[in-house]
4 protein chains.
Amino acid sequence: MVLDFDAVIRGGTVVTSGGVARTDIGIRDGRIAALAVGLTAERVIDAGGLLVLPGGVDTHVHLDQPGTGPSEMSDDFDTGTASAAAGGTTTIVSFAWQPRGGSLKETVEDYHRRAAKARIDYSFHLTITDPTPKVLEEELPPLVESGCRSVKVFMTYDGVGLNDAQLIETLAASRKAGALVCVHAEHHGLIEYLSKRLVAAGLTAPKYHPWAKPALVEREAIGRIAAIAEMLDVPIQIFHVSCPETAAEVARFRAQGLKIWAETCPQYLAFTAEDLDRPGFEGAKFIFGPPARSASDTEGLWHYLRDGTLGIISSDHSPMNFDSPRGKKVAGEDASFDQVPNGIPGLAARLPIAFHEGVVKGRIDLETFVDLVATRPARLFGLAPRKGAIAIGADADLVLWDPDATQVLTLAGQHHGGDYTPYEGREVRGRVVSTYLRGEAVFANGRVIGPPGEGRFLARGPYPEI
Amino acid sequence: MVLDFDAVIRGGTVVTSGGVARTDIGIRDGRIAALAVGLTAERVIDAGGLLVLPGGVDTHVHLDQPGTGPSEMSDDFDTGTASAAAGGTTTIVSFAWQPRGGSLKETVEDYHRRAAKARIDYSFHLTITDPTPKVLEEELPPLVESGCRSVKVFMTYDGVGLNDAQLIETLAASRKAGALVCVHAEHHGLIEYLSKRLVAAGLTAPKYHPWAKPALVEREAIGRIAAIAEMLDVPIQIFHVSCPETAAEVARFRAQGLKIWAETCPQYLAFTAEDLDRPGFEGAKFIFGPPARSASDTEGLWHYLRDGTLGIISSDHSPMNFDSPRGKKVAGEDASFDQVPNGIPGLAARLPIAFHEGVVKGRIDLETFVDLVATRPARLFGLAPRKGAIAIGADADLVLWDPDATQVLTLAGQHHGGDYTPYEGREVRGRVVSTYLRGEAVFANGRVIGPPGEGRFLARGPYPEI
Amino acid sequence: MVLDFDAVIRGGTVVTSGGVARTDIGIRDGRIAALAVGLTAERVIDAGGLLVLPGGVDTHVHLDQPGTGPSEMSDDFDTGTASAAAGGTTTIVSFAWQPRGGSLKETVEDYHRRAAKARIDYSFHLTITDPTPKVLEEELPPLVESGCRSVKVFMTYDGVGLNDAQLIETLAASRKAGALVCVHAEHHGLIEYLSKRLVAAGLTAPKYHPWAKPALVEREAIGRIAAIAEMLDVPIQIFHVSCPETAAEVARFRAQGLKIWAETCPQYLAFTAEDLDRPGFEGAKFIFGPPARSASDTEGLWHYLRDGTLGIISSDHSPMNFDSPRGKKVAGEDASFDQVPNGIPGLAARLPIAFHEGVVKGRIDLETFVDLVATRPARLFGLAPRKGAIAIGADADLVLWDPDATQVLTLAGQHHGGDYTPYEGREVRGRVVSTYLRGEAVFANGRVIGPPGEGRFLARGPYPEI
Amino acid sequence: MVLDFDAVIRGGTVVTSGGVARTDIGIRDGRIAALAVGLTAERVIDAGGLLVLPGGVDTHVHLDQPGTGPSEMSDDFDTGTASAAAGGTTTIVSFAWQPRGGSLKETVEDYHRRAAKARIDYSFHLTITDPTPKVLEEELPPLVESGCRSVKVFMTYDGVGLNDAQLIETLAASRKAGALVCVHAEHHGLIEYLSKRLVAAGLTAPKYHPWAKPALVEREAIGRIAAIAEMLDVPIQIFHVSCPETAAEVARFRAQGLKIWAETCPQYLAFTAEDLDRPGFEGAKFIFGPPARSASDTEGLWHYLRDGTLGIISSDHSPMNFDSPRGKKVAGEDASFDQVPNGIPGLAARLPIAFHEGVVKGRIDLETFVDLVATRPARLFGLAPRKGAIAIGADADLVLWDPDATQVLTLAGQHHGGDYTPYEGREVRGRVVSTYLRGEAVFANGRVIGPPGEGRFLARGPYPEI
Ligand SMILES: [Zn+2]
Ligand SMILES: [Zn+2]
Ligand SMILES: [Zn+2]
Ligand SMILES: [Zn+2]
Ligand SMILES: [Zn+2]
Ligand SMILES: [Zn+2]
Ligand SMILES: [Zn+2]
Ligand SMILES: [Zn+2]
């Protein structure tokens, strides 16, 4: 018989969440058309000695968002998706971030324009900061219908955090519209109280950031949002679980039958609170929320990654400059920790950190690694079966991965905007050799080659979880 | 040797939380001066065939409080304490209820005046509805020092419920001042949301009251207040636990080392949600919050009463008229459930219900009964060793109790104000024969004989739990 | 390019544990050589409108074993594997059953001879009933090395059950040899005590069988074997979990870090204790151990199947005649329940029951179904990646499955030996259209066509779980 | 009025489990006849500045038992009860220890003779080592009826440990007879296996004793006995809980509704495994079973003592000589740990250790201390209301206790037989000033003055717990 392919990836070891197999991959029209040994085509990509992974799916990525006050993001959809490609990620779900008082519909239209520069495929969460009846009743349903099947809410942060009544209304409307609700779950009042007291006591260095956000603020917030979700029967995803105490709460509610899922991020696997105690203002490079915790917390998260309570490793990429009055130093070079904008870049470091801390250190196997960074995020957010797996008919989003190569993470290698990476100098085993989006190389030989504008919006249809 | 007593209670079976013994009780100067067989005095009270219990201590009693809008309480300190005496209770902790915008100091002064009519001894919880810095920093500490060592906060109800920031500030101030914090723990937002939806759907009958307050609103609120209490290291008492799901949360936090205690009330042991489905507006007689639940919830509460998670049975006496435009019918004879003021009278029914449902039905022994209605409330609120026990030096607050007599509960027998008791017609075994306050009869032969004004304010000093 | 296949399965919807995809399957040399749309070969199998599943892997199958006393099995490897093929199962792990006093080595040699008639592939568990030092130290290690990497022990049943000291020695030796230990976990003493008392009281009908084996006998046994396994660091698999109480124990120990896995069987999902109360001696058709339990237990098992605590559905096929002095009636037509041999046939009913109760009734999705009946059993017992999945390089063991067809289960349709099936007359949706072993049809058009002797022994090498 | 007393204890602070009060105690006919301030009698005992406690009740005491092989106990009822008196204990429950093959009836008769020398009151547990039908059906019921309402069984130790079938029969018979079953709960098989392996490896020093008895052998045994007790509805008491992991199991089963209670002993609060690592053979002085564990285990036990899971502190007094071929050195001066008889003396150290580690170190209050060493043991074993409390009508068993005095524990001060105390040289705060049995001093001024033979057998009637 005869089969024609546009390209063939030959000789690699293909890893999916279901197993590992030696097979070639035939690509036609941007999709995976065949899996077999001995495929040929004019264009042959040699994967000998390499792993072939499904392209990473990163479902928690902030790009080109308005800053709080004078600070600003150091990545737009061009630089941000360049970094994604360099890190082996071919799909992101980014945020369409409603400004207070603004229209959600116009917000989404605006983000469609911003995202026109994307080099890889993308979809949007709808960040709702002002859940007026108009937003919830008129704007939300058609936007969900148009493919944005997830809503993001905050339980803390001035200007974006919703109060209980707003949370309830937003969750109720999301359920009706058929959207999954993603939650930044921290108790606002306690953080504010503790921050004020710490600052008043002169404890203002970056290292006090975790003091103001103890684990129990996460535990409380999960209890609260779970009660609302249980009452209203709304599926929810807990963002950035930072410690096992929080994961245990998620597990407890899931065992009770709630549709509750959760993710963690590389920063909670790679850093501890001690990283915030670096000399001078260096600690500000590690200010993100919830904060980094202890080494034993880190170890505990792997337990919950193995047992499925934490099903996704996303980046929570929130990039900004360090040495800039519009970045970490927006309140000065010696600002108190509560004046430092939260967030770090991490899109390109996600797979390397997860692979090194997980697979190389023997905490998870290859299949679980792929599941956490690609397959499960794609499924939970309605991107499967097109994204997140190597299967016939899926998009030919692929990563050639050298499991034995050692690399040192550097700012240059992250390919994102901004002046620093918190992973600077960290040595890891495993690296991206090349990344393919719908069959075309977007990263190879250490260079991002996918052009801006090649990325496509992924309209998500209804799917089982919601 | 010679011992002189003012009175002797002779021939009874004395029950304490520690055991049961046949002994006489010698009383001198209003205190228990001797326990022995064969005591004599000019005044001998025959307790043959009866149990002698320590006078009941009811640590959750609303009297003479301002109503919400045009409704009003049907008991002041005169009628309320008459009912207490009739029900075998000799000590209450009532509320000094700060009006919004009002001074807490003046509130307490006012309640001292109101309570001047009391027939039995009393102390005050400080209900804080408006925790301004002046209230918390200036007024609270001297009031606690003056003997009001407990604070009451609401997490729901318009006009009295505190928001998170207020709760945190109030708990922090209470800890500093050395007060135990009592909490009405229900999630305000969900109740409001559900009530609105039910009413909008035309589901307005009294029986929908429990629909608007499912168990998870309690669970959520306990998780929230426990997080605050844990963070700030504040001892808390959860009021009126209505179901085992809530008690389980209390047990969970206590096992983690929190100083958290809890009570339940006779209404949760005697009624179920079905009582709210009586014909016409009758169900409104059973509207209290949290609401009555199911028979299996009732049974479950006994488990937690036995294992100590629930250490107190209080009345939450909140009396009002039924057939009155200033009572249950304040919004009309056919008001929707959310317009009906919450609360029922129950001071005099507390011991009879607890004895019948507990001891007579074999769920607890006599010692545990006494512990729940007298000894533990006295200890937890700093009234021991003077109140709550039959011991040398304690106040001679005593109840002669006939364990075999059967009575039918009626409004007249409750001796309180207002036009109804929800227990009307209920037959129970066990009844108060007579009640003694500091050695003097305040109730006997079915009549309240303790005069208004005999009750004394109990200034509570520091004690181990706080 | 050109690819030659021996056969192509065309037009089906391929289901794996990782997803569902429309693709053809190219088969060469008995293996899956290609997955792609548009494959051709001389031999084309039309799967239009059908699901294509990996061949079922049944890791708990009793065939051709010596009976206890005069009873005997009604299936040898010929009839048993015929039934497997008819039920969509292409791999079994059966038992090499050491007789007391016998050599384990000779037992395995004997079973290799018995299994020479097999129509599908097979491997062996080593059932150890007499763990002498010679058996454990000399015989066991080379047998494990030869590919029998699992040991089976009984905690109950006279003549096969091991005592504590024997269990410890056997688990210690298994760990050293590198074998997974499968456990029939029930508390022997309580079963014996209860059986004796029930029989003495004249409660001898089949319906008293579950009375003699309450859930706590499973709970106890799991606690015991888990303690031994934890102490000696031995991976264990709990056989035939019958109820959620037992599954909860497994979950508890797994959360503590033990290498403990568990299965359940179709009979626990399809029958309840009421089935044992059929008229006359009919109930004996449902005597298996542990026994069928309640409908709510059945529902509870699905919870643990979904959350992964129960990772496998095996058949525990233990066939015997009903109306025979060498079958269920070995002790007469009216024998007391404890004299009736335990066990039922079920090889061919496994997939239909799991599909109907699971997928059709909405309790699990297609991927989980495949995972439970093929992928996970293959992995846990070291048969992957060759068995249990549809992947390049795997054996072309495939089932064409009609998800919409309704069938009534009958003895004839089970294709096994013996005179009854407990599933007689049960209507289910979903049925096997045809079954392929290494690319060759072994069942089609309602007939078993794979010849005896085509099955091969699967020597299992070391694998991650052990 | 006039009251005559044989004696009055004047000026003390009386502590009961229910509270603390300043009162005198009037004693008449060996009983507490009055509690009052100002009592007089010819004989006045000055308790000024002292605490007055109920006499200690020690419900786990081995005296005058046959040794295993050539070893022997270093205390009979004379010396043992002298030690009890010196340590503030006025009631013991000792063991009537059936020899294998012996009659239980004759055993009890024999122990009545042995106990004729007792200086304080006593009752017996029936240690059943050979549960023949004759013992269980014929001998047990009248012995229970005669006042020995508790049975003791071992799950380990050669020669005394019962197998599962024996445990079941013994528990079933105990329930029928109305006896509480006390359990030495450790998994025999694992201990034997580990001991053998350790000795084979040359790890024979005393410090390896805890290695052979890890916490999981207790956990397993509790799971097993709880299953039997649940099945047969038998009340059980777990002896000598050594660590929180075990206590957690007890708590778990109690929460499920089992009648299960538990004790711990001073040795688990005072020693750790490190004490077994003293130079030479000194560690053998600390060999008891279950073994001493870690400092964090010790701390954890207090949590369960506070929450009531562990309701009793008993001594498990099992005295023997250290430097003797009939004591710890029965197998030589360098015996391997498994050849050293288990057990230590501790009767006199019980109250001092519990007071110092508990009250002085702030872990429990005075009332709880009294509850653990006197009130609850008396209640659980049917000795209340006569023993364990200071109440009208109770035996005048009293201890004058100096809470501020410091003492150094020494062998001489223990007043028991044998050549050592493991507490030698330990400094504690709190000491016994004098001990009274039924109104008569049995210990005072550092000397035991109660004569042998003054102790009486306490026949226990039926009581609520059984
Ligand atoms: Zn966030
Ligand atoms: Zn984020
Ligand atoms: Zn309230
Ligand atoms: Zn109230
Ligand atoms: Zn079995
Ligand atoms: Zn089996
Ligand atoms: Zn013992
Ligand atoms: Zn002992």
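User: What separates the zinc ion (ligand 6) from the zinc ion (ligand 5), in Å?

Analyst: The distance between the zinc ion (ligand 6) and the zinc ion (ligand 5) is 3.5 Å. This is a predicted model, in which local features need pLDDT of at least 70 and side-chain atom pairs count only at pLDDT 80 or more, while totals for chains, interfaces and linings use all residues. Residues are numbered from 1 along each chain as its sequence is written, chains are lettered from A and ligands numbered from 1 in the order in which they are written, and side-chain values use heavy atoms, with hydrogens and water left out.

User: Which protein donors does ligand 6 have?

Analyst: The zinc ion (ligand 6) has C:His60 (NE2), C:His62 (NE2) and C:Asp316 (OD) as its protein donors, at 2.1 to 2.3 Å, and along the chain these donors follow the spacing H-x1-H-x253-D. Donors here are N, O and S atoms within 2.8 Å of the metal (3.2 Å for Na, K and Ca), and since water is not among the atoms, sites may look incomplete.

User: Are those histidines buried or exposed?

Analyst: C:His60 is buried, at a relative accessible area of 0%, and C:His62 also counts as buried, at 5%. Buried means under 20% relative accessible area, exposed means over 50%, and partly exposed lies in between (1.4 Å probe, protein chains only).

User: Now chain A: what coordinates ligand 2?

Analyst: The zinc ion (ligand 2) is held by A:His60 (NE2), A:His62 (NE2) and A:Asp316 (OD), at 2.0 to 2.3 Å, and 3.5 Å lie between this ion and the zinc ion (ligand 1). Helices (H or I, at least four residues) and strands (E, at least two) are DSSP runs, numbered from the N terminus. A:His62 is buried, with a relative accessible area of 5%, and A:Asp316 counts as buried at 10%.

User: Switching to the chains, how many residues do B and D each put into their contact?

Analyst: Chain B gives 25 residues and chain D gives 25 residues, where contact means heavy atoms within 4.5 Å. The area buried between chain B and chain D is about 1800 Å², with carbon and sulfur atoms giving 54% of it; buried area is the accessible area (1.4 Å probe) that two parts lose on being put together, summed over both.

User: Which chains do not touch?

Analyst: Chain B and chain C do not touch, and their nearest C-alpha atoms are 18 Å apart; likewise, no contact joins chain A and chain D, whose closest C-alpha atoms lie 18 Å apart.

User: And how many salt bridges are there over all chains?

Analyst: A search of the whole structure finds 148 salt bridges over all chains. One of them joins the side chains of A:Glu357 and A:Arg363 (3.1 Å, N to O), and both A:Glu357 and A:Arg363 are buried. Another salt bridge joins B:Arg114 and B:Asp110 (2.9 Å, N to O).

User: Where do B:Arg114 and B:Asp110 sit relative to each other?

Analyst: B:Arg114 and B:Asp110 are four residues apart in helix α2 (residues 104-114) of chain B, so about one helical turn separates them. B:Arg114 counts as partly exposed at 25% relative accessibility, and B:Asp110 is partly exposed too, at 23%.

Conventions:
Salt bridge = Lys/Arg side-chain N within 4 Å of Asp/Glu carboxyl O.
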